[in-house]
Amino acid sequence: MLQNGPAWFLLADGRRARVLIEERRGAQLQAPPDWNLEIGPDELYDPQDRPPRSYDRVGSGRHAMDKGRSLHEQEEQNFLKRVAERVGEAEKRKQFDHLVIAAPPRALGALREMLPAPVRSRIRAETPKDLLDEAAPKLRERLTELLR
C-alpha cells in the first residue's frame with residue numbers, strides 16, 4: 001500500500017509512453033501533456049540502413065554484424081532509454097515518491113534494466129501488460145488493483 005506522496009503511473013510499450021499522476025491517495029489521475037512520448041521521425045531508421053557487413057574468414061561469403069537485433073528492436077531500445085532517462089530526471093527533481101509501471105513484458109524488462117537505481121527503489125508495483133490504450137475508468141480500476 002502506498003503512503004502519502006505523489007505516485008506516477010508509467011504506461012509504455014516500445015514505441016509510446018505516457019505518465020499519469022496521482023498527487024495524493026485517491027485523487028483524480030492527471031496526464032501532463034509533456035509526458036506523451038512517441039518515437040519521433042529522427043529516431044526511425046532509414047529503410048536503406050543496414051548493419052555493417054563482414055567477410056567470412058573462409059570463402060567469399062559476407063554476413064551482417066547486427067548482434068541478432070533488428071533495426072526495429074534497436075529503435076525500441078533507444079526510445080525506452082530516453083523514457084528511462086526522463087523518469088530519472090523527474091526522480092532527481094523529487095516529482096514523485098512512488099512509481100508503478102505497466103508495459104508489455106519485453107519493454108518492462110528493458111525499462112527495469114535502464115532505470116537508475118534511485119528510481120528502481122521507488123517502484124511499488126509493475127505489470128507486464130500494455131495499458132496505453134485503456135479507457136480512463138477501466139485504467140483507474142486496474143491501477144488501483146495493482147496497488148492492493
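Glu 76 is buried, at a relative accessible area of 16%, where buried means under 20% relative accessible area, exposed means over 50% and partly exposed lies in between (1.4 Å probe, protein chains only). The structure is a predicted model, in which local features need pLDDT of at least 70 and side-chain atom pairs count only at pLDDT 80 or more, whereas totals for chains, interfaces and linings use all residues. Residues are numbered from 1 along each chain as its sequence is written, and side-chain values use heavy atoms, with hydrogens and water left out.

The side chain of Glu 76 forms a salt bridge with that of Arg 106, at 2.9 Å from N to O; a salt bridge is a side-chain nitrogen of Lys or Arg within 4 Å of a carboxyl oxygen of Asp or Glu. Because Glu 76 lies in helix H1 and Arg 106 in helix H2 (residues 105–114), the pair ties together parts that are 30 residues apart in sequence. Helices (H or I, at least four residues) and strands (E, at least two) are DSSP runs, numbered from the N terminus. In contrast to the buried Glu 76, Arg 106 counts as exposed, at 54% relative accessibility.

Across the whole structure, a search finds 10 salt bridges. One of them joins Arg 86 and Asp 34, whose closest N and O atoms are 3.9 Å apart. This pair links distant parts of the chain, 52 residues apart: Arg 86 is in helix H1 (residues 71–92), and Asp 34 is in the loop between strand E2 (16–22) and strand E3 (37–38). Arg 86 is partly exposed, with a relative accessible area of 23%.

A further salt bridge is formed by Arg 122 and Glu 91, with 3.1 Å between the closest N and O atoms. Here too the pair links distant parts of the chain, with Glu 91 in helix H1 and Arg 122 in the loop between helix H3 (117–120) and strand E7 (123–127), 31 residues apart. Both partners are buried: the relative accessible area is 18% for Arg 122 and 8% for Glu 91.

Helix H1 contains 22 residues and reaches 32 Å from its first C-alpha to its last, close to the 32 Å expected at 1.5 Å a residue; the expected span is 1.5 Å times one less than the number of residues. The buried residues of H1 include Phe 79, Leu 80, Val 83, Ala 84 and Val 87. An α-helix has 3.6 residues a turn, so residues three or four places apart point the same way. The buried residues of H1 pack against strand E1 (7–12), E2, E3, strand E6 (98–102), H2 and H3.

On the H2 side, Leu 111 is located in helix H2 and is buried, with a relative accessible area of 0%. Apart from its neighbours within four places in sequence, Leu 111 is in contact (heavy atoms within 4.5 Å) with Leu 10, Ala 12, Leu 80, Val 83, Ala 84 and Ile 101. Leu 111 and Leu 80 are 31 residues apart along the chain, and their C-alpha atoms are separated by 6.3 Å.

Helix H1 is followed by Lys 94, which is placed in the loop between H1 and E6. Although Lys 94 is not a glycine, its phi is positive, at about 55°. Lys 94 counts as exposed, at 61% relative accessibility.
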